[in-house]
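Please look over the sequence and the structure shown below, and then read the briefing that follows.

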Amino acid sequence: MSTETSTPGGGSAGGDRTAVVPSKGLHAGILDLGDSVMLGLASTAPVYSLAATLGLIVAVNGNYTPLILILGFIPVLFIAYAFRELNSAMPDCGTTFFWARRAFGPWAGWLGGWGVALAGIVVLANLAQIAGKYLWLLVGDGSLAENKWLVTATGVLFIAFMTYVNNRGIRLGEHVQRTLTYIQYISLGIFAVAIIVRIAGGAPEGQAFDFEWFNPAGAFADPGAVVHGVLLALFIYWGWDTCLALNEETENPTKTPGRGAVISASVLVAIYVSVALLVMMYATIGTDGIGLGNEANQDDVFLAMKDVVLGPWGWLIIVAVLASVLSSTQTTILPTARGTLSMGVNGALPARFGKVHERFQTPGFSTQVMGAVAVVYYVAMSFLSENLLSDSISAISLFIAFYYALTGFSCVWFFRSTLRDSARNLWFRGILPFLGAVSLTAAFFISAVQMWDPAYGDTQIFGIGGAFVSGVLLLALGVVLAIVCRFAPSTRGYFTGERKEAGIVRGE
């Protein structure tokens, strides 16, 4: 028996519509709100994201770092509302692809889907590299973490294993995810409690809490530094939208995933700000020793602090970061596979992408392709140029800003005929998503300008920053692939309208 979700939407200027999302064969209703929130939190790799970014923000903004983390969260929250509202009308696992298609047409939808997949594939290379490195940091004196071949092979195995887990069913994946989430948060909790104990005992090099750290007037004394810091902070929240990609496998798919996204994004800012405060109070923003301003610590401030804070238990921080990147590796595959599943079902990709494994009820082919492409990209970039791999990872901010902004604008345009119906619609379907989309569009172009500078990152190509070149080329590849699909016999109907769009029935 076919399962459908039908909800009233307000898309065109001409009237209301009913969004009907037929079952694709995924395991409907297996996830609840708690699962949704957990997956949203895990997808951001919060322990690793904070460890790798906190030092960079401190280097730019000093003691105003907690305020910067909050400012970076605001446009993310606005886009979370856009995801929630669009999901309430069209709970399709294709998310940005499906919604942009409904709002702006097939080209916007295809490129939105490419943005989601591209961000996932490139970040998987980063997560695999970090996971491989941190695993071997736990062995002996940690020197094996410097072995390029060993780290790369380990990263490939991690991607392969998580691809296997995701292919075997959402419930198995949820169990693995829950275990990894417990490990990283218990470890982070022990780390935070140890810092509190040391602060309470009178840390000799620490600094007292100061409300000035949250003073906008003080922070904006250097507007350029605020913009730079917010751009860094903006993208450590990326990943919560995994909740929405699993909407068709969540109970009450029109409401629960959206709530999960907003809750997980809100919990993230609380975690980031509270941990940042503790670390700043204990380590200070100094440039010596474990100080957050020490350039030697910027790649991972927790790694620099682990032995000072936890003594012989310092390995717990390595375990926390490892669990964090592994959980994110698994959850990053989920939305990319479901996005291409929806593209296959709707004819934007060959039909094989739209197949669901009959027994495991997962997008088997899409999952395997995403895992395989991530492995190929990771291995190729690792041995072609690790510096270029690093710069391509920096370019992820462009991909995220692109598809988040597209989602925000899609929300405003799709619901434009209903914005005057109530104050709630005006704010949550109009003003807030629009402000979020504009902010992220600005972030896209500011980031692109920064990446153009040949001094940005580790490489330069023809006198231009390698991060800019790799980011633009990968986005441009999406345009090329879209053109190929436009003329390919199996997918051209999606662009020409010859193929009936799955999942939408226009109301009377």
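Is Cys243 buried or exposed? Cys243 is buried, with a relative accessible area of 1%, where buried means under 20% relative accessible area, exposed over 50%, and partly exposed in between, using a 1.4 Å probe and protein chains only. This is a predicted model, in which local features need pLDDT of at least 70 and side-chain atom pairs count only at pLDDT 80 or more, while totals for chains, interfaces and linings use all residues. Residues are numbered from 1 along each chain as its sequence is written, and side-chain values use heavy atoms, with hydrogens and water left out.

**Cysteines**
- With a disulfide taken as a pair of cysteine sulfur atoms within 2.5 Å, the count comes to zero disulfides.
- Cys243 is in no disulfide, and the nearest cysteine sulfur, in Cys93, is 14 Å away.
- Cys485 also counts as buried, at 10% relative accessibility, and its sulfur is 18 Å from the closest cysteine sulfur, that of Cys93, which is too far for a bond.

**Nonpolar cores**
- A nonpolar core is a set of buried Ala, Val, Leu, Ile, Met, Phe, Trp, Tyr and Cys residues joined through side-chain atoms within 4.5 Å.
- The largest core has 148 residues, of which Trp110, Phe191, Trp240, Phe302 and Phe399 touch the most other members.
- A second, separate core has seven residues, among them Ile30, Leu31, Leu246 and Leu334.
- Leaving aside residues up to four places away in sequence, Trp240 touches residues including Gly40, Val76, Phe83, Ala261 and Tyr404, where contact means heavy atoms within 4.5 Å.
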